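Me: I would like to learn how to read a protein model feature by feature, beginning with the general idea each time and then turning to the case at hand. Could you take me through one?

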Amino acid sequence: MTQDQETQQLKSTDPNPGASPVAGEDPEMSRILRRETHSSRAGASVIAAVLVIVLCVYALLEAGVRAIGQPPWLIDPTTAAERIIALPDGISPLLLGASGAVIAMVGLFFLLHAVLPGRRARHLLRDPRTAVVVDDEVLASALARRARTAANVTQEQVMVVVSRQLVVVNVRPTSGSRVSEEAVLTAVQAELEEMSPVPMPAVKVNLASSGVIGA
């Protein structure tokens, strides 16, 4: 069963389908919406677990080889511990710096995955019957259409960028035609109020100083 099918099944079995879709108001719906709007940490967790398991298995094998008096596979555990204690002696500064940079990058990767919220480019839409999750690209397309109508320009003259807290509308007017920034701003805000995304982003309109030649 795919994630989308599982989500639909959970929605159909929701005991209170008339609840508000806003996360936090209904525990079951909140869990579903969080899974849809946040990226999974399973991948990073699996990588970390595999690395720890590999290191532990290798250390156990090296200790077992040493216990039966056989030569080490790569390096004797006692020798490795002595070299680590003696750092930075016995190793070139270039190799030490490269190793430190790699370890720092790996640590930063796992730290950011643990600290950052991992939100996807999606918004929630209020609906009286169910929860609606929409990609920011879909929101941008709808807002661009509304801005294009308000500015009376073509599709290529409007570009909308939607983020979690801000909507940026870039408009290039047609040469010789005046575009009202206030009219575009009002139209885009009205469209946002109709859709009611959660969270509600602010709107910023940028009018280009140079226009394009009309067809």
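Predicted model: local features only at pLDDT ≥ 70, side-chain atom pairs only at ≥ 80, totals over all residues.

What follows is a dialogue about the chain shown above.

Me: How many helices and strands are in the protein chain?

Reply: Helices (H or I, at least four residues) and strands (E, at least two) are DSSP runs, numbered from the N terminus. By that reading the protein chain has seven helices and six strands, and along the sequence they follow the pattern α-α-α-α-α-β-β-α-β-β-α-β-β.

Me: How do I read the pairing of strands, and in what order do the strands of the open sheet lie?

Reply: Two strands pair if DSSP finds at least two bridges between them. The open sheet has three strands in the order E2-E1-E5, with antiparallel pairing, and its edge strands are E2 and E5, each of which pairs on one side only. Strand E1 (residues 122–125) and strand E2 (residues 132–135) are joined over four bridges, with Leu124 opposite Val133 in E2. Between E1 and strand E5 (residues 197–198) there are two bridges, and here Leu125 stands opposite Pro197.

Me: In which sense do E3 and E4 pair, and in which sense do E4 and E6 run?

Reply: E3 and E4 pair in the antiparallel sense over five bridges, and a hairpin of three residues joins E3 to E4. E4 and E6, by contrast, run parallel and are joined by six bridges.

Me: How do I read a nonpolar core, and which residues have the most contacts inside the largest one?

Reply: In soluble globular proteins, nonpolar side chains tend to be buried together. A nonpolar core is a set of buried Ala, Val, Leu, Ile, Met, Phe, Trp, Tyr and Cys residues joined through side-chain atoms within 4.5 Å, where buried means under 20% relative accessible area, exposed over 50% and partly exposed in between (1.4 Å probe, protein chains only). The largest nonpolar core here has 23 residues, and those with the most contacts inside it are Leu143, Val158, Val160, Val167, Val169 and Val184. At least two residues of this core come from each of helix H6 (136–151), strand E3 (158–162), strand E4 (166–171), helix H7 (181–195) and strand E6 (202–207), and H6 gives the most, with seven residues.

Me: Which residues is Val167 in contact with, leaving aside its neighbours within four places in sequence?

Reply: Contact means heavy atoms within 4.5 Å. With those neighbours set aside, Val167 is in contact with Leu143, Val160, Val161, Val162, Leu192, Pro201, Ala202, Val203 and Lys204.

Me: How do I check the length of a helix, and which residues of H3 are buried?

Reply: The expected span of a helix is 1.5 Å times one less than its number of residues. Helix H3 (residues 42–67) has 26 residues and should therefore span 38 Å, which agrees with the 37 Å between its end C-alpha atoms. In H3, Ala44, Glu62 and Val65 are buried, and the buried residues of H3 pack against helix H4 (77–86) and helix H5 (93–115). Just after H3, Gly69 takes a positive phi of about 80°.

Me: Is Gln157 buried or exposed, and with which side chains does the side chain of Gln157 make a polar contact?

Reply: A polar contact is a pair of N or O atoms within 3.5 Å; within protein, one must be able to donate a hydrogen and the other to accept it, and residues adjacent in sequence count only if both atoms are side-chain atoms. Gln157 lies in the loop between H6 and E3 and is buried, with a relative accessible area of 7%. The side chain of Gln157 makes a polar contact with that of Thr154 (2.9 Å) and with that of Thr174 (3.2 Å). Thr174 lies in the loop between E4 and H7, and the C-alpha atoms of Thr174 and Gln157, 17 residues apart along the chain, are separated by 8.3 Å.

Key. Residues numbered from 1 in each chain as written. Heavy atoms only, no water.
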